[in-house]
Amino acid sequence: MAVATPRSSLIIFFVLLVSAASLVVDGGSIVKEACAKTPQPSDCEELLKSSTATDAKTLAQAAVAAAAKTATEAATAAKAERDKLPNGKTQWRCMDSCAAGFDEAATKFKPAAGGNAAGADAQLTEVLDFVVVDEDVEKSRDWEWKWSCNECKADPTAPAGLVAKNKEFDKIMDIIPAIIKQAVAGADNSTKSDTKSKSKS
C-alpha cells in the first residue's frame, strides 16, 4: 500500500486550498455580477454573501430560499402578536391576515428554493409571477407583499422586531425579480405580460 510522503501531502493540501479559494472567488464574482443588475446591489450582496452558488440559477434559488425563511419568520412573529389581541376583533383580523400573507409567500417560495433541478425554471417563474404585481390587477389582489403589518396596530404600533422583519422581506422582494430574470430564459416575458395584454383587449 502506498504511503503519502510529507511532500506529497503538502502538494495535495495546496491543491485543495487553491480549489477552495477558487470557489470562493467564483461565488463572490457571481454574486457581485448578478447583484449589480438589481435595484439594490448592496442589499443584494449582503443577502447572498454566504451563498455557494456557482451559476445564476442556483443563486436565484438561494435568494428564494432566503425569502422563504424570512417570510416564515415574519409569519411566526405576526401570529405571536395576533395571539395577544382579542380574538375576532378588527386588529386581530388585520394581524391574522398579515400572518396569512407571509405564510402564503413562504408556501409559494419553498418549492423553488432548490432540490428539483428538472422543474427549477418553472418554479422560479411561478415565484416571479407571484412577486411582480401587475399594476392593472394590483388593487384586486387579496394580499400584496409590500403591505405592512405595522398598519394593523395604531396604538401601540407593531413591535420593532416584526416591523424590521417586514422591511427585510420587502428588501428581498425588491431584489428577487432581477435575480430570477437572469436565471430563467424568457422570464422577462412571464405570464404577467399575458395577463396585462388580455386585460386591455
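The legends below walk through several close-up views of one predicted model.

**Before you zoom in: conventions.** Residue numbers start from 1 along each chain as its sequence is written, and side-chain values rest on heavy atoms, with hydrogens and water left out. Because this is a predicted model, local features need pLDDT of at least 70 and side-chain atom pairs count only at pLDDT 80 or more, while totals for chains, interfaces and linings use all residues.

**View 1. The chain as a whole, built from helices.** The chain holds seven helices and zero strands, where helices (H or I, at least four residues) and strands (E, at least two) are DSSP runs numbered from the N terminus. Read from the N terminus on, the order of elements is α-α-α-α-α-α-α. Of the 201 residues, 37% count as buried; here buried means under 20% relative accessible area, exposed over 50%, and partly exposed in between, with a 1.4 Å probe and protein chains only. Taking a contact as heavy atoms within 4.5 Å, residues 24 or more positions apart account for 72% of the contacts with a separation of 6 or more.

View 2. The predictor's confidence in each residue, pLDDT, runs from 0 to 100; the chain averages 75, and 63% of the residues score at least 70. Among the elements, helix 2 (residues 41-48) has the highest mean pLDDT (95) and helix 7 (residues 191-200) the lowest (40). Two stretches call for some care. Over residues 12-27 pLDDT stays under 50, and the model has one contact beyond four places in sequence for them. Residues 189-201 also stay under 50, with 14 contacts beyond four places in sequence. Where pLDDT is low, the predicted coordinates should not be read in detail.

**View 3. Helix 4 against helix 5.** Two packed helices are described by the angle between their axes and the distance between the axes. Helix 4 (residues 90-109) packs on helix 5 (residues 120-131) at about 155 degrees, with the axes 9 Å apart, so helix 4 is roughly antiparallel to helix 5. The axes are lines fitted to C-alpha atoms, for helices over the stretch in contact, and angles run from 0 to 180 degrees between N-to-C directions. Angles under 35 degrees count as roughly parallel, over 145 as roughly antiparallel, 65 to 115 as roughly perpendicular and the rest as oblique. From helix 4, Glu 104, Ala 105, Lys 108 and Phe 109 meet Val 127, Phe 130 and Val 131 of helix 5. The residues of this contact are five nonpolar, no polar and two charged; Ala, Val, Leu, Ile, Met, Phe, Trp, Tyr, Cys and Pro count as nonpolar, Asp, Glu, Lys and Arg as charged, and the others, Gly among them, as polar.

**View 4. Helix 2 across helix 6.** The axes of helix 2 and helix 6 come within 10 Å and cross at roughly 90 degrees, which means that helix 2 is roughly perpendicular to helix 6. Helix 2 brings Asp 43, Cys 44, Leu 47 and Leu 48 to the contact, and helix 6 brings Lys 171, Ile 172, Ile 175 and Ile 179. By class, that gives six nonpolar, no polar and two charged residues.

View 5. Rings of Phe, Tyr and Trp (its six-membered ring) pair if their centres lie within 6.5 Å; planes under 30 degrees apart count as stacked, over 60 as edge-to-face and the rest as tilted. The count comes to three aromatic pairs. One of them, Phe 102 with Phe 169, is edge-to-face at 5.1 Å centre to centre and 80 degrees between the planes. This pair joins helix 4 to helix 6 (residues 160-183) across 67 residues, and both Phe 102 and Phe 169 are buried. The rings of Phe 109 and Phe 130 have centres 5.9 Å apart and planes at 80 degrees, so this pair is edge-to-face. Phe 109 lies in helix 4 and Phe 130 in helix 5, 21 residues apart. Phe 109 counts as buried at 0% relative accessibility, and Phe 130 is buried at 7%. Together, Phe 102, Phe 109, Phe 130 and Phe 169 form one aromatic cluster.

View 6. Val 131 sits in helix 5 and is buried, with a relative accessible area of 3%. The C-alpha atoms of Val 131 and Met 173 are 6.8 Å apart, although 42 residues separate them along the chain. Asp 121, also in helix 5, is partly exposed at 31% relative accessibility. Leaving aside residues up to four places away in sequence, Asp 121 touches Lys 57 and Val 184.
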